[in-house]
Amino acid sequence: MKESYITTAIPYVNGNPHLGHAMDYLLADTLRRYMMSQGQKVRFQAGTDEHGNKIFKKAAEAGISTQEFTDQNSKKFQDFIASLGVEYTDFIRTTNPDHERRCQEIWRRLKDHIYKDSYEGWYCEGCEAFVTDKEHDENSGICPDHKKPYIKLSEENYYLRIADYKDQIREAIETDALKITPAFRKKEFLNLLADMPDVSISRPKSQVSWGVPVPDDDDQVMYVWIDALANYITVLGYPDEDISTDWPAHTQVVGKDILRFHAGIWPTILLGLGLPLPKNLLVHGFITVNGEKMSKSIGNVIAPEEILSKHGLDPFRYYFLRHAPTTDDADFTWEKYEASYNELANDLGNLVQRLATLCKKNEIASLKPLAVDLDDEFKKHMDVYAFNVAFDYAWSKVQDLNRQIDAAKPWELAKTDPAKAKSVLKDIASQLLVVSQMLEIFIPTTAKKIQDVFTAAQILPPSTPLFPRG
Ligand code: MSP
């Protein structure tokens, strides 16, 4: 059976996991759970990007070896992913010797598209990338992401010739053979592609020592993009193994800042290797805190663990999957988080408590576990990656169930027409089981609890409410 392959961006290990990283994992995991609900087998990659100067410097500051530093930090990301309830099938570290060897083989195979040159241009040290003159001017010489001036950099580097496949890439994106979601990002990237310069893929060893050596050139190491992007296929065993069971990827999840690398450089590498392009790139926005970019200097960084420890995992997943639009920027504030938690408690927590109590009183027999497919309307939104809209839809059903109870007043019916009360309650509980299947994609632990309550030998309200108040 063909597997559907989902990938996540591999974060740099120069810092701790933050809320931005959580978005990659949560969105990819939502897709994973949805595809599995549709009977598909999913392969799911995650990993850490461990080379480069920043990491080398951070390790030196910490007074430990670079390898030890990356070991520790890579572990933090693995723990972080687990803490989000996200399960991967493969985890790749770019310092893994197999990965390094495979990257060198990939480099060799791309030889026809690589040339050495000295290049001078505007470079952002934060992005570790050159920008076009046009971009430099539009941003008045300052990188909008790092708030640092671009520097003029001149170096001997190897370059990947983007021009070789520009037309093919443009066509693939225009025709949605490589589909970029959302459409406004596709448009944005196509505008950028026209002027996309060749990209530097190595640095002199004198400048950077922590990296994969360029084959057959002792003076250069690979720098960032070949080594990083190749992870998506080296983790599958390329080029040692046949990867056609998994490649091309069904969906690659990335943040907006790295779209250009995934839609420009990555397709160039793949076409150069004679491999097919991924089918979808899902591009999410940025998480801000109180309307501002998270930054250590502003001092507004909120550790995800702090949020997770407040009300546990599902309220976290609820907030970032329902109240963060899947493909736009989203803001976090504690006020909004508490309001979102209250919504969970009022709409869903109360519903389960109230309905299970009524079922117990009226001696409703337990329900059979459901095996029906998800609602078409729900799937329609999921299929176009409008996860938050699908979640809204599921939530409207939750709210509707509350309304149905209010309207039917089963506690009054029980006095006049107990049989009717029973059938009403049974019907509402059955509908809740259907809704729980949609919820399972986003808040799996809660959905399982609901299913347990209503399919248990005897229906009893949960001994502690699903979303207790502090
Ligand atoms: N190492 C590269 C990716 C290589 S993929 C072959 C990198 N790492 S990163 O740590 O800077 O970012 C990892 C992911 O987190 C990216 O998808 C990025 O867009 C995402 N985010 C980083 N900060 C973010 C926010 N504030 N909000 C949402 N996502 C953001 O880039």
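A residue is counted as near a molecule if one of its heavy atoms lies within 4 Å of that molecule. Of the 24 residues around the ligand in this structure, Ile10, Asp24, Asp49, Asp257 and Ile287 come nearest. The model is a predicted one, in which local features need pLDDT of at least 70 and side-chain atom pairs count only at pLDDT 80 or more, while totals for chains, interfaces and linings use all residues. Residues are numbered from 1 along each chain as its sequence is written, and side-chain values use heavy atoms, with hydrogens and water left out.

**The ligand site**

Histidine 21 places an N or O atom of its side chain 3.1 Å from a ligand oxygen. Taken alone, the ligand exposes 660 Å², of which the protein buries 92%, with areas computed by the Shrake-Rupley method and a 1.4 Å probe. Two or more residues of the shell come from each of helix H1 (19-37), helix H8 (225-229), helix H9 (231-234) and strand E11 (251-255), where helices (H or I, at least four residues) and strands (E, at least two) are DSSP runs numbered from the N terminus.

**Helix H1**

Of the 19 residues in H1, 17 are buried, that is, under 20% relative accessible area, whereas exposed means over 50% and partly exposed lies in between. Just after H1, glycine 39 takes a positive phi of about 80°.

**Salt bridges**

The structure holds 32 salt bridges, each defined as a side-chain nitrogen of Lys or Arg within 4 Å of a carboxyl oxygen of Asp or Glu. Asp29, Arg32, Arg33, Glu87 and Arg317 are linked in a network of such bridges.

| Pair | N to O distance |
|---|---|
| Glutamate 3 and lysine 41 | 3.3 Å |
| Arginine 101 and aspartate 240 | 3.3 Å |
| Glutamate 156 and lysine 116 | 3.9 Å |

Glutamate 3 counts as buried because its relative accessibility is 16%, whereas lysine 41, at 45%, counts as partly exposed. Arginine 101 is partly exposed, with a relative accessible area of 41%, and aspartate 240 counts as partly exposed at 43%. Glutamate 156 is partly exposed at 43%, and lysine 116 is partly exposed at 38%.

Key
Polar contact = N/O pair within 3.5 Å; in protein donor to acceptor, adjacent residues only side chain to side chain. Buried < 20%, exposed > 50% of the residue type's maximum accessible area, 1.4 Å probe, protein only.
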